[in-house]
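Welcome! Let us look together at a strand with its partners, and then at a pair of helices.

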Amino acid sequence: MIPGLSGSLLSHDFAERVLPVSFAGRLGEHDRDKAAARFRAWWRDATRTLGPASSVRALFACGAAPLLALLGFRASGITLLTPEGPGVGRMTTEGGSAAGLIVAPWNADLGRLWHAAVAEGLRHDARWSFGFNGVRLCTVDAERTYARRFLEIDLEAAVDQPSLFAILWGALHARALAPASGGALLNRLIEASDAHGAAVRESLQSGVETSLVHLIASLVADRPGRARAAAHDARPGALFEHSLTIIYRILFLLFAEARGLVPIWHPVYRDGYSMAALQAQAESSARPRGLWEALQATTRLAHAGCDAGDLRVTPFNGRLFAPDRLTEVARSPSRGRRRGASPSRDTSLGRVLVALTTRPAGAAGRERIAYGDLGVEQLGAVYERVLDYEALIAPAKGRLKPAPTSDAAQGRLN
């Protein structure tokens, strides 16, 4: 993750790892260092002149206009929508491209000005609108109004973070909006980012399906005696549902960790309960021990919550982590076995964690999946596609086959 970068216009994983390589030489590298020096000088002047008491007109004259000039735009001025702002205006480039402009009061939430930004883009027949509030600069896609896509940069962070300034200079400079062979550079960046995101989602889909096979096989093989021998007719649908519940618990926790919904900063949680800790254990050994019990401890904590000293875990509502979501077979090891899950179950869970947290990366082996870039909609789409399968159980084995219909599966995790 690049500190100071937010928004869904470019995925964070793409911006951090793919963009500098795939678009090398097209991001203004030839004059970036000189531009960074001018940007730092602008920021010093702006912070001496502007602050919470500054008017919107002052923010435009001393902040937005010189910053946009540095980025190759000419701002024609602003008109206040209300006496206290925000102000709206128009930006142009040497090549004649236009963009809308919104100047908000100091440190105002630019997201609240979404509709105004889109309206300015449409008014100037421009795809893009820029927003400025003294401390952040954002660009809004005014063409795809249904998507609410934007890219926002913390300007103070860009002073100290070369990788963040590289995105500001490469993606939001006027030349990135200029028409060119193959389309404007910013358009191509977005297309490449979307393609990268689609590839990540496909990899996650494959990882979920692989994980289902591992878990179903583990639950079948872990059944004792006659139940194992008769596993081919012992409620394969239930094993499928149990395995899917376990996988979506892991996915939800990965999603929560990426967004700070659990105290990943606390050493007790980070080292003992986080998916990151379990993943590290899974990758450190081909035959990890204790993973199954550790996952059960984390899911119990997610269901019940915790308030112990400075460790506070808010319990998650809903049925996903409810203890009755899994049968005794899925929760516990086989009868007669000493306390702790079987080694085969730990090994299977280790493979699941690797499949859900990493993706193939060619010669580089595997790379991390950036869950901060995945939204609820993407995870929901993965779940819906999995419902097109059902478990096919054979003794000590499990695999998936296309389901004749997914109607009966629609309420499984509701």
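Which residues point one way from S6, and which the other way? In this predicted model, Arg136, Cys138 and Val140 point one way, while Leu137, Thr139 and Asp141 point the other way. Are these residues buried or exposed? All of them are buried, and strand S6, which covers residues 136-141, is described as mostly covered, with six of its six residues buried.

The table lists the two pairings.

| Strand pair | Bridges | Direction |
|---|---|---|
| S5 (residues 128-132) and S6 | Five bridges | Antiparallel |
| S6 and S7 (residues 150-154) | Five bridges | Antiparallel |

Val140 in S6 stands opposite Ser129, and Leu137 has Ile153 in S7 as its bridge partner. S5 and S6 form a hairpin with three residues between the strands, where Gly134 takes a positive phi near 95°.

Next come the helices. Two packed helices are described by the angle between their axes and the distance between the axes. Helix H8 (residues 185-221) packs against helix H16 (residues 376-386) at an angle of about 45°, and their axes are 10 Å apart. That angle makes H8 oblique to H16. H8 passes H16 in a right-handed crossing.

Which residues meet here? From H8 come Arg201, Glu202, Leu204, Gln205, Val208 and Leu212, and they meet Gln378, Leu379, Ala381, Val382, Arg385 and Val386 in H16. The residues of this contact divide into seven nonpolar, two polar and three charged.

Notes. Residues are numbered from 1 along each chain as its sequence is written. This is a predicted model: local features need pLDDT of at least 70, side-chain atom pairs count only at pLDDT 80 or more; totals for chains, interfaces and linings use all residues. Side-chain values use heavy atoms; hydrogens and water are left out. Axes are lines fitted to C-alpha atoms, for helices over the stretch in contact, and angles run from 0 to 180 degrees between N-to-C directions. Helices (H or I, at least four residues) and strands (E, at least two) are DSSP runs, numbered from the N terminus. Angles under 35 degrees count as roughly parallel, over 145 as roughly antiparallel, 65 to 115 as roughly perpendicular and the rest as oblique. A crossing is left-handed if the near helix is turned anticlockwise from the far one by less than a right angle, and right-handed if clockwise. Contact means heavy atoms within 4.5 Å. Ala, Val, Leu, Ile, Met, Phe, Trp, Tyr, Cys and Pro count as nonpolar, Asp, Glu, Lys and Arg as charged, and the others, Gly among them, as polar. Buried means under 20% relative accessible area, exposed over 50%, partly exposed in between (1.4 Å probe, protein chains only). Two strands pair if DSSP finds at least two bridges between them.
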